[in-house]
Amino acid sequence: LQTLRKYLTVEKNYIDAIISLPDELSKPRPSDIIVVFRKNRSKDDIVFVDMSKNYETSRLKHTVPGMFRRNLVFDSRTMYELIDVLIKRKTVEMFSNVVDLESVSENEFSLSISRYVDTFEGEFVTLRDLKYQKEEIDANLKSKS
């Protein structure tokens, strides 16, 4: 698999973008992705887009057989933002990142969106802090007994 990713990214430079779809649109399966291929590319980068959190959907007025689950589609604001990112090749915090092929190569040709687009919302906790908190809890339990 790594050989195929190397061939498509570095040797042929075919992969233009990788987009993850929200779970809402792909349930009950795991999240789906879209890989955008383009021949004769002049760019030496790939746009990674994580649409798992930053999106809005709307329901189609009429039912279309074979459409996404529950006939949900992206609303126009979400589509314009996606198109803008893809055309202008923009990095948007917690949404997209433009990664050069050298970085993809350094990451062993991994095309996982989570490797390149940081969507973590929260605080990082160090092991030292966890150890200190555990010691405090243990001390409190000993003093109460």
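A residue counts as buried under 20% relative accessible area, as exposed over 50%, and as partly exposed in between. By that scale, leucine 4, with a relative accessible area of 47%, is partly exposed. These values, like all others below, were computed on a predicted model.

Leucine 4 belongs to helix H1, which spans residues 2-11. On the surface, a nonpolar patch is formed by Leu1, Leu4 and Tyr7, whose accessible area together is about 340 Å². Of the 145 residues in the chain, 30% are buried.

The overall architecture comprises 6 helices and 6 strands. Read from the N terminus, the elements follow the order α-β-α-β-β-β-β-α-β-α-α-α. Among contacts in the chain with a separation of 6 or more, 59% are between residues 24 or more positions apart.

The discussion now turns to the sheet. In general, the strands of a sheet pair through backbone hydrogen bonds, in either a parallel or an antiparallel manner. Here 4 strands form an open sheet with mixed pairing, in the order S2-S1-S3-S6. Strand S2 (33-37) and strand S6 (96-100) each have a single partner strand and stand at the edges, so one side of each lacks a neighbour in the sheet. From one strand to the next, the twist averages 15 degrees.

Strand S3 (residues 45-50) is joined to strand S1 (residues 15-20) by 4 bridges, and the two run parallel. Within this pairing, alanine 17 stands opposite valine 47 of S3, and isoleucine 19 has valine 49 of S3 as its bridge partner. S3 is also joined to S6, by 5 bridges, and these two strands run antiparallel. Valine 49 takes part here as well, with serine 96 as its bridge partner in S6.

How many of the residues of S3 are buried? The count is 6 of 6, so the strand is largely enclosed by the rest of the structure. Asp45, Val47 and Val49 point one way from S3, while Ile46, Phe48 and Asp50 point the other way, and all of them are buried. Helix H3 (residues 76-88) lies across S1, S3 and S6, and runs at about 165 degrees to S3.

The charged side chains provide a further set of links. As a general point, side chains of opposite charge can pair when their charged atoms come close. A search of the whole structure finds 8 salt bridges, and several of them involve aspartate 16, as the following pairs show.

One partner of aspartate 16 is arginine 38, with the closest N and O atoms 3.5 Å apart. This pair links distant parts of the chain, since aspartate 16 is in strand S1 and arginine 38 is in the loop between S2 and S3, 22 residues apart. Is aspartate 16 buried or exposed? Its relative accessibility is 5%, so aspartate 16 counts as buried. Arginine 38, by contrast, has a relative accessible area of 46% and is therefore partly exposed.

Aspartate 16 also forms a salt bridge with arginine 41, where the closest N and O atoms are 2.5 Å apart. Because aspartate 16 lies in strand S1 and arginine 41 in the loop between S2 and S3, the pair ties together parts that are 25 residues apart in sequence. The relative accessible area of arginine 41 is 12%, so this residue is buried.

Arginine 89 is a further salt-bridge partner of aspartate 16, the closest N and O atoms being 3.2 Å apart. This link again connects distant parts of the chain: arginine 89 is in the loop between H3 and S6, aspartate 16 is in strand S1, and the two are 73 residues apart. Both arginine 89 and aspartate 16 are buried. Through salt bridges that share partners, Asp16, Arg38, Arg41, Asp45 and Arg89 are joined into one network. Asp45, a member of this network, is also one of the buried residues of S3.

Note on methods: Residues numbered from 1 in each chain as written. Predicted model: local features only at pLDDT ≥ 70, side-chain atom pairs only at ≥ 80, totals over all residues. Heavy atoms only, no water. Patch = residues over 30% accessible without salt bridge, like charges linked within 9 Å, V, L, I, M, F, W, Y side chains within 5 Å. Areas by Shrake-Rupley, 256 points an atom, 1.4 Å probe, with all protein chains shown as cover. Salt bridge = Lys/Arg side-chain N within 4 Å of Asp/Glu carboxyl O. Buried < 20%, exposed > 50% of the residue type's maximum accessible area, 1.4 Å probe, protein only. Pairing = 2+ DSSP bridges. Axes fitted to C-alpha atoms, helices over the stretch in contact; angles between N-to-C directions. Contact = heavy atoms within 4.5 Å.
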